[in-house]
Amino acid sequence: MKDFKTTYFFLRLPIAISILGHGLVRLPKLSTFSDWMVTSMEKSFIPEPLIVGFSYVLPIAEFLVGLWLLIGIRSKEAIFAGISIMTMLIFGSCSVENWGAIEAQLLHAFYLFGLLWYFQKNEKIVD
């Protein structure tokens, strides 16, 4: 039983640090990050008010999802939230044809899916 918990911790550690880190570095500079995102999405069909709102919520969501994954609380919800975040980022990247960013976002989503699979397979042991 302990081996499963240890394995699960080390499986979620890299993705937790990645997502937490994304949120952590953006939180102190929310306005700057928002301005950058609006500029990078200028050619998108997504309305600017949605981009502005998303740009302020994204770092907070990343921080919380990363923290939950790191600590190991609300695992299933954190994984689903992470996959949802990646899906929205992929949609935004597609809207401006930023194919390079999509690769990293897909990798994160795939990793989260693998984590979800492991969690559900061992749910009674893990949580």
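In helix α4, the residues Ser75, Ala78, Ile79, Gly82, Ile85, Met86, Leu89, Ile90, Gly92, Ser93 and Ser95 are buried, where buried means under 20% relative accessible area with a 1.4 Å probe, protein chains only. This is a predicted model, in which local features need pLDDT of at least 70 and side-chain atom pairs count only at pLDDT 80 or more, while totals for chains, interfaces and linings use all residues. Residues are numbered from 1 along each chain as its sequence is written, and side-chain values use heavy atoms, with hydrogens and water left out.

Helices here are DSSP runs of H or I with at least four residues, numbered from the N terminus, and the protein chain has six helices and zero strands. Helix α4 covers residues 75–95, and because its 21 residues should span 30 Å at 1.5 Å a residue, the 30 Å between its end C-alpha atoms agrees; the expected span is 1.5 Å times one less than the number of residues. After α4 comes Glu97, whose phi is positive, near 55°.

We can now turn to the core. A nonpolar core is a set of buried Ala, Val, Leu, Ile, Met, Phe, Trp, Tyr and Cys residues joined through side-chain atoms within 4.5 Å, and in the largest one, which has 24 residues, Leu69, Ile79 and Leu112 touch the most other members. At least two residues of this core come from each of α1 (2–26), α2 (30–40), α3 (48–71), α4 and α5 (99–121), with α5 giving the most, six residues. Leaving aside neighbours within four places in sequence, Leu112 is in contact (heavy atoms within 4.5 Å) with Ile15, Ile19, Leu69, Ile79, Gly82, Ile83 and Met86.

Technical notes:
Buried < 20%, exposed > 50% of the residue type's maximum accessible area, 1.4 Å probe, protein only.
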